[in-house]
Amino acid sequence: MDILKIFLYLLVYPGLLFLFVYSTFVEWIDRKLYAKFQNRMGPMYTGSHGILQPIADFVKLMAKEDIVPDKADKKLFNAVPILALTSVLTAGLLLPVWHFSDAFQSATSFQGDLIVIAYLLALPSFAYFLAGWASASMYSAIGGVRVLTLLFAYEVPMFLAILSPAVMAGSWRMAEIAAYYQANPWYLLINVFAFAVAVVALQAKLERVPFDIPHAETEVVGGAFTEYSGRKLAMFRLLADIQMVVGAGMIAALFLGGFPGGLIPGFIWFVVKTLIVVFILAAMRSVTARLRIDQMVSFSWKWLAPLALLQLVIVIFLKGYLQ
Amino acid sequence: MSTFILPVGPQHPALKEPTSFRFMVDGETVVDADLRLGYNHRGIEKGCEERTYIQDLYLLERVCGICSNVHMTVFAQGVEKLMGIEPPKRGLFIRCLMGELERVHSHLLWLGVAGHEVGFDTFFMYTWRDREIVEDILEMISGNRVNYGMQTFGGVRRDLDEMQIKKALDGIAALKARTPYYLNIGASEPTLVARIAGVGVLPKAKALELNAAGPTTRASGVDFDVRKDDPYAGFGEHIPFNIVTDEGGDVLARVVVRAKELMESYNICEYILKNLPAGDIRVKAPRKVPEGEVVSRAEAQRGECIHYIRSNGTDKPDRVKVRAPTLANWPATLYMLRGGYVADIPIVMAAIDPCLSCTDRMAIITDPKGNEKVWNWETLRQYGIDFYRKRGIKL
């Protein structure tokens, strides 16, 4: 029975199948929200209100010709999308959506899984850089360098921000952090600055407006993805969607009290809470213009990082006071 | 990263039409910029010499999709001067009205494009939605959304009735209510202002020296506007309006100038619609044009548009030369791009509202040895054939 559970966990929920289906749904929600904010309809034709559009896009890209440039480093060029997709799918397994029990530690829920998920979510950025480097194109090279510059800007505030709830709960295990806040829901309000920083940093990690600097189409065409097409581009697109789900899931687990109640209520909580995060992300990209890379870096070091540090100080003092 | 050349164009997402920039880039900074024109040459000037005046009118309208009416107006004005005919007042007023409506649709379009270039697509969607209002007015008046075909020698081709005037006034009132919102966003939304304030600065002295045109120069504090300085159509003594200038000289100033010009255009349109003189809309024009030459100009949305027309007494012109405002703005653009960031290239380029199909008409090719020569049709054709044969393509 346990073996079956593990297979279900790996392949169905929250493994491959769920992440694929749910990430396309989240992309659809994001596109619909973005369209509503812009006074448009968004996708309408594939499925009811265009709900199948992301899947149709994926299938279309999969069927397209897959071109590898002559001058590209072919092995790296082909390996990078798979590497990046694998890392976010693995990160998805660490989400505490269906924890067998809080006490029992498994391969997907253990002390320190918070660090591992943050690490796995950072890997795609390196993959983008390698993709840009392997493409041997001017636009890709600039895009790749911008990915790294952006990484240095948002990664530290991101880590500092997810540190605060962990310090408050006194654990490095997401399931335990979530359980701590489920027991004391009011404590969630303490982390409001860290939540804001984490959401902004997630937006930057996902490279969406106002932080879509690495693949700003009017400047560097497609950035690191300029030379990618067909299946590999489809993989990159899918991985960005899954990254959004996993990132939103991580933030929901840390800052919004996780997903209590076992399989079915937990699933509903997961959908509701990730959609809250996705709503914020969609609203953010509707009301802003793209920043320049230097503006982004100074913004994260002048505002995001100090804010996250301030939050950390608040949490440490409050924790001392509460004990 | 050392200095390298970043090509923008002939095909690039930031360009809506083909042109070719070569940027010397050091990291994220543009060290030098170079421009190659001529990818969109269509031979319109030569084509004009082989058609009659009335056919040329419609050919020249197709010089540009955005400022089609201006080219038609300028050509019609010039030929009227050669013919020695004076259109009736009502015709002139409708001519002005078309020009202003066209300016409104073009500026709304530009505001959206500027938003898109800095990744602010919501702004783009909003302005383009409101642009539909003015497009509907244009369609109601002329029957078309892009090439209106309204001007003719001796006046305009379609009249307005009471119903149309009322509908147009309603539409303009709606736009008038919406535009301050865009001016507010353009001048105060933090991320947008961060991207356009202090970017692509063109000081007043440079604007004059490099002969920039239109809103680009008015945003640098030069109060030049053909509508005021060399009044044409109904503008002379009849229609009141102000020239909008701004001292900023950067992209932000160009956004502000264009948004304020929208307000001025609404006022002009309202004035014309409310004070439309009675009478005919056109006088009959002769088919043949007496010998002579004329320079005709008008204020297009992008700046001063000039046509030179030389007639030889037949029904076909001897020479037509078109100078679209974009051509005047290129030297200033290169100046603005130097020393900026790679990320600012699209918005600085877009800030002059470039129209490349208006501008491209080169037939001079510089060979590597530096000898300039004019290529005629035969050599050009032979060059093309040889070019493909050398690459193993059978023709």
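In chain A of this predicted model, residues 24 or more positions apart account for 80% of the contacts with a separation of 6 or more. The secondary structure of chain A consists of 12 helices and 0 strands, so that the pattern read along the sequence is α-α-α-α-α-α-α-α-α-α-α-α. Along the principal axes, the C-alpha atoms of chain A fill a box of roughly 60 × 50 × 45 Å, and 49% of the 323 residues of the chain count as buried.

Confidence was considered both for chain B and for the complex. For the complex, the predictor gives an ipTM of 0.85 together with a pTM of 0.86.

The contact between the two chains takes 24 residues from chain A and 24 residues from chain B. On the side of chain B that touches chain A, at least two residues are supplied by each of the helices α5 (121-142), α7 (190-196) and α13 (345-351) of chain B, and the largest share, 5 residues, comes from α5(B). By residue class, this side of chain B divides into 15 nonpolar, 4 polar and 5 charged residues.

Chain B also contains an open sheet of 3 strands, in which the order is β6-β7-β8 and the pairing is antiparallel. Strands β6 (292-300) and β8 (317-323) of chain B stand at the edges of this sheet, and because each has a single partner strand, one side of each is left without a neighbour in the sheet. Neighbouring strands of the sheet are turned against each other by 15 degrees on average, when direction is ignored. In general, the strands of a sheet pair through backbone hydrogen bonds, in either a parallel or an antiparallel arrangement. Here, strand β7 of chain B, which spans residues 303-311, pairs with β8(B) in the antiparallel sense over 6 bridges, and B:Tyr308 stands opposite B:Lys321, a residue in β8(B). Helix α12 of chain B, formed by residues 325-337, lies across β6, β7 and β8 of chain B and runs at about 130 degrees to β7(B).

Conventions
Residues numbered from 1 in each chain as written. Chains lettered and ligands numbered in written order. Predicted model: local features only at pLDDT ≥ 70, side-chain atom pairs only at ≥ 80, totals over all residues. Helix = DSSP H or I, 4+ residues; strand = E, 2+ residues; numbered from the N terminus. Buried ≥ 20, exposed ≤ 12 C-beta atoms within 10 Å, placed from the backbone. Contact = placed C-beta atoms within 7 Å. Nonpolar A, V, L, I, M, F, W, Y, C, P; charged D, E, K, R; others polar. Pairing = 2+ DSSP bridges. Axes fitted to C-alpha atoms, helices over the stretch in contact; angles between N-to-C directions.
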